[in-house]
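Let's take a walk through this fold, one piece at a time.

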Amino acid sequence: MKYVETGKGQLPFITLVAILSISLVVNLPGLAISPLMDDLDRVFPGVSKLEIQLLTILPNLFIIPFVLLSGKLSVSKNKIMILVAGLGIYVLSAILYFFAQSMEALILISCLLGIGCGAVIPLAAGLIAEYFTGNYRMKQLGIKSGIANFTLIFATLLVGWLGNSGWHYPFFVYLVPLVPLCLSPFLTTGFIKRHGKLQVPPVASPSMSGASATTVPEEFHFKGKESFRLMIGVVFFYFMVTYGCMAVSYYLPFTMQQYHLGSTEVGIVTSLFFLSITLPGFFLPVVIRTLRHFTAFVAILLMAIGLFLMGYGHSFGSYIFAVILEGLGYGIVQPIIYDKTTYIVPDPRKATQYLAIVLSANYVAITVAPFFISLMEIVLNIQSNSFPYFLNGIMVTGLAAFSLIFFNSFVFKVDTSIYDRSKAEK
């Protein structure tokens with residue numbers, strides 16, 4: 001059997017594949033609906049725009065509480081059972097979507113979709129955090145982010161193609177959870193190999209009891225109030241960078257159309273945005289070794305520059321350059337935030353719970369962003385195509401300045417010593 005190094009021992013390669021396959025589903029909610037907005041308006045002529053928009057908003061709203069609930073249950077319950085239940089609900093939603101014949105049914109199924117996805121999301125990062133440590137963990141978290149975002153690109157193209165066969169067919173994209181569901185049995189065989197012996201890691205134990213569950217690794221330095229304070233900082237960091245990116249998702253397609261760019265150009269720019277988020281995840285160790293303690297600052301600065309370019313330049317080329325900068329910055333920061341969360345966990349049994357709290361910031365930002373931007377337009381009495389990009393650009397620039405001033409703080413400083421130690425060991 002082929003094994004991979006974890007920093008704690010060796011893990012069967014098939015178990016790693018099973019863990020990473022969970023990342024295939026975490027970014028899918030709402031995806032199938034976006035290209036169908038116009039079609040649904042024709043299929044259900046009596047419904048309001050708000051009802052159609054609820055199909056994208058409700059899954060994210062339901063994800064938030066169930067991400068937190070899944071994280072809480074992971075402390076005392078069997079994580080594999082939580083994962084299987086969440087994936088099962090996810091697949092059930094896909095099947096029900098195909099038979100839905102009313103807007104009310106679609107809205108109810110969207111809520112169910114959010115419940116299933118919310119149960120799964122924290123485990124995608126939580127299982128990596130429990131199996132891996134040090135630079136091995138950072139590498140796998142980078143790959144996890146890359147897979148999640150690459151799936152988004154592939155699924156977007158698939159939804160567009162399936163839409164040609166009828167408005168029901170794009171919902172088949174939500175059958176992707178069948179992949180991790182079929183691989184889930186291999187998670188229970190995830191034995192760590194140490195010194196020629198097979199040992200069961202904490203994740204494989206339903207009760208998480210015994211010495212292996214109570215021993216705190218050396219890397220977990222923070223306790224009590226300090227741990228909570230740092231978690232608030234990481235949550236704020238994740239909220240801000242996700243909020244900054246939402247100008248691309250919510251406003252850029254409409255802005256490009258207003259500047260006489262067609263659906264083909266919009267599709268290319270959108271695909272490049274997700275592709276640029278994907279790439280850093282696969283090369284994260286190289287990025288960190290190059291930028292070192294200023295990795296977070298450079299990444300945030302790239303995002304700010306990208307936002308201002310969207311506001312100033314309105315050509316196809318400038319939009320491409322802008323979304324690449326935006327995506328690269330976000331793609332660098334996202335796995336770093338996941339890794340930082342694992343350092344502030346006071347008890348290794350609560351790794352998934354802490355990750356769930358931090359991950360919820362992502363979905364809060366997705367939900368809040370359009371409402372906040374609209375509110376600021378009313379308050380400042382500004383009606384401009386460029387306003388969302390300038391507003392978010394200013395806020396992200398402030399975050400970049402803050403990260404530079406406090407670059408040596410835990411929230412913004414990247415621990416490069418894990419790579420230095422790894423190099424010395426080799």
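This is a predicted model: local features need pLDDT of at least 70, side-chain atom pairs count only at pLDDT 80 or more; totals for chains, interfaces and linings use all residues.

Residues are numbered from 1 along each chain as its sequence is written, and side-chain values use heavy atoms, with hydrogens and water left out.

Start with the core. A nonpolar core here is a set of buried Ala, Val, Leu, Ile, Met, Phe, Trp, Tyr and Cys residues joined through side-chain atoms within 4.5 Å; buried means under 20% relative accessible area, with a 1.4 Å probe and protein chains only. The largest such core holds 124 residues, and the members touching the most others are Leu106, Tyr174, Phe237, Tyr238, Val241, Leu252 and Ile300. Helix H5 gives this core its largest share, 16 residues. (Helices are DSSP runs of H or I, at least four residues, numbered from the N terminus.)

Setting aside neighbours within four places in sequence, Phe237 is in contact (heavy atoms within 4.5 Å) with Ala296, Ile300, Val333, Ile337, Leu399, Val411 and Phe412.

Now back to H5, residues 103–131. Its axis comes within 9 Å of that of helix H14, residues 351–380, and the two cross at roughly 140 degrees. Axes are lines fitted to C-alpha atoms over the stretch in contact, and angles run from 0 to 180 degrees between N-to-C directions. H5 and H14 are therefore oblique to each other, the label for whatever is left after under 35 degrees (roughly parallel), over 145 (roughly antiparallel) and 65 to 115 (roughly perpendicular). On the H5 side, the meeting residues include Ile121, Leu123 and Ala125, and on the H14 side Leu355, Leu359 and Tyr363 are among them.

A second pair is H6 (residues 134–162) with H13 (residues 316–343), packed at about 135 degrees with axes 8 Å apart. That angle makes H6 oblique to H13. The residues making this contact include Arg137, Lys144 and Asn149 of H6, along with Gln334, Asp339 and Tyr343 of H13.

Notes:
Buried means under 20% relative accessible area, exposed over 50%, partly exposed in between (1.4 Å probe, protein chains only).
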